[in-house]
Amino acid sequence: MNSNQTQNRTALLPMIICCALFFIFGFVTWANGTLIPFLKLALDLETDLQAFFVTFASYIAYFFLALPSSWILHKIGFKNGLVLGMVILGVGSLVFIPAADNRSYGLFLTGIFIQGSAMALLQTAVNPYLSIIGPIDSAAARISIAGLCNKGAGVLVPIIFGILFLKNSEEVTAKINATTDINVKNAILDELLQRVHTPYIALAIIFVLFAVLIKFINLPEVNEEETAVEESAELKENKAVKKTSVFQYPHLFLGAFAIFCCVAAEVMAGDGIATYGRELHIAPNLVRFSTSFTLICMLVGYVVGIITIPKIVSQQMALRICATSGVVLSIISAFSSGYVSYYSVALLGLANSLMWPAIFPLGIKGLGKFTKTGSAIMIMGIAGGALVLPIYGFLKDTLQIDFQHAFLYTMLPAYLYIIYFAVKGHKAGSTK
């Protein structure tokens, strides 16, 4: 009881820092929604499939860096890990400057990968910390609060970057298509890419300043093993044998794949909606803010989660409702047209909103001393965001499948698996 009281007194500052970090995660992550059409235009990329490697470069970093991040955090500690992650995030932002000056897609993807690597380190640290600074059964509510900051940033960045990067994009496209002089075309593209400089220099400065702030404030460490033992009544009741390997927790690996599917669904609805809207011939001035529409719906879902979990519905039930809604909306989007189809995709933000907040604590529940490693394995699941848009682009551009059906074929398996995890998968390995 005393430890819980102490935890309640010290949870406010960590919660504020976690929320600030989630805002930064959202800003960097959802910038991809604007970078995809911007880099396709500014670098004169031929297909959507090429442009979708923006998300691939960002999310694949989680697969390769999540487990090393766990080792780094073990060696240098939680707070120093946050400082290092913020500095690396700043470095990745600065790579955008030579990428723009040299009109190099490879350098842009390198900068995005570096940012993704920093995010892998930061998310590996913050997500379990957020889950265990209070009761595990209300972790989804805390993650929902942080998610408000994450998706709030996601609402803002397409508007800000849409104005900065995509202003007069129709006029620029018309000029490029009208000219046959390669020098004139290059001059237009070079001028367009100069728009990158100021925003990404500013971001690099902000990230480094935040790293300095973290260095000099007091962030209490939380003993994951003690917390997990206190919160896991299931282990007490069943007098479970003490486990010696992370591989003895099947619900963790099922949860990691649920995160894979969850992030895939988020990326399709958030970063893919602009391409989807363009295929539906939605007005260009509306399409450039498409990601914001999806994330506004996610914000609504987070508010609902904060109010209802766990007072009215459990994490598991919220997950079932959201995933089932995703199935229904995906089917509507595939078999309707125009604005009905478009807004069905935007409403997937509402369906996706409570999936991560519910899946993550269910996946790491009861891991004890394996919490950091388990968190890293869960974070590896974010790689789902790397594959989903290239798969969609391959179905649409290479196999010539109708873009609405390609969308359905990409989304439906993800939601169906999440339903399985919500109903049965999260209990795998339980003796109850």
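I took contact to mean heavy atoms within 4.5 Å. Helices here are DSSP runs of H or I with at least four residues, and strands are runs of E with at least two, numbered from the N terminus. This is a predicted model, so I kept in mind that local features need pLDDT of at least 70, that side-chain atom pairs count only at pLDDT 80 or more, and that totals for chains, interfaces and linings use all residues. Residues are numbered from 1 along each chain as its sequence is written, and side-chain values use heavy atoms, with hydrogens and water left out.

**Entry 1: α18 and α20**

I began with helix α18 (residues 290–308) and helix α20 (residues 338–352), which pack at an angle of about 35 degrees with their axes 6 Å apart. The axes are lines fitted to C-alpha atoms, for helices over the stretch in contact, and the angles run from 0 to 180 degrees between N-to-C directions. On the α18 side I found Ser290, Phe293, Thr294, Cys297, Met298, Val300 and Gly301, which meet Tyr342, Val345, Ala346, Leu347, Gly349, Leu350 and Asn352 in α20. I sorted this contact by class and got nine nonpolar, five polar and no charged residues. For that sorting, Ala, Val, Leu, Ile, Met, Phe, Trp, Tyr, Cys and Pro count as nonpolar, Asp, Glu, Lys and Arg as charged, and the others, Gly among them, as polar.

**Entry 2: α15 and α23**

Next I checked helix α15 (residues 250–270) against helix α23 (residues 384–398): their angle is about 50 degrees and their axes are 8 Å apart. That makes α15 oblique to α23; angles under 35 degrees count as roughly parallel, over 145 as roughly antiparallel, 65 to 115 as roughly perpendicular and the rest as oblique. From α15, Phe260, Val263, Ala264, Val267 and Met268 meet Gly384, Gly385, Leu387, Val388, Leu389 and Tyr392 of α23.

**Entry 3: aromatic pairs**

How many aromatic pairs does the structure hold? I found 24. Rings of Phe, Tyr and Trp (its six-membered ring) pair if their centres lie within 6.5 Å; planes under 30 degrees apart count as stacked, over 60 as edge-to-face and the rest as tilted. Phe96 and Phe108 have ring centres 5.5 Å apart and planes at 90 degrees, so I logged the pair as edge-to-face. Phe96 lies in helix α7 (residues 96–101) and Phe108 in helix α8 (residues 105–132), so the pair ties together parts twelve residues apart in sequence. Both Phe96 and Phe108 are buried, where buried means under 20% relative accessible area, exposed over 50%, and partly exposed in between (1.4 Å probe, protein chains only). I also saw both residues in an aromatic cluster with Phe23, Phe27, Phe38, Phe161, Phe165 and Tyr200.

**Entry 4: Lys243**

Is Lys243 buried, exposed or partly exposed? I have it as partly exposed, with a relative accessible area of 22%. Lys243 sits in the loop between α14 (233–238) and α15. Leaving out residues up to four places away in sequence, I found that Lys243 touches Gln248, Tyr249, Lys369, Phe370 and Gly429. Lys243 and Lys369 are 126 residues apart in sequence, yet 9.9 Å apart in space, C-alpha to C-alpha.
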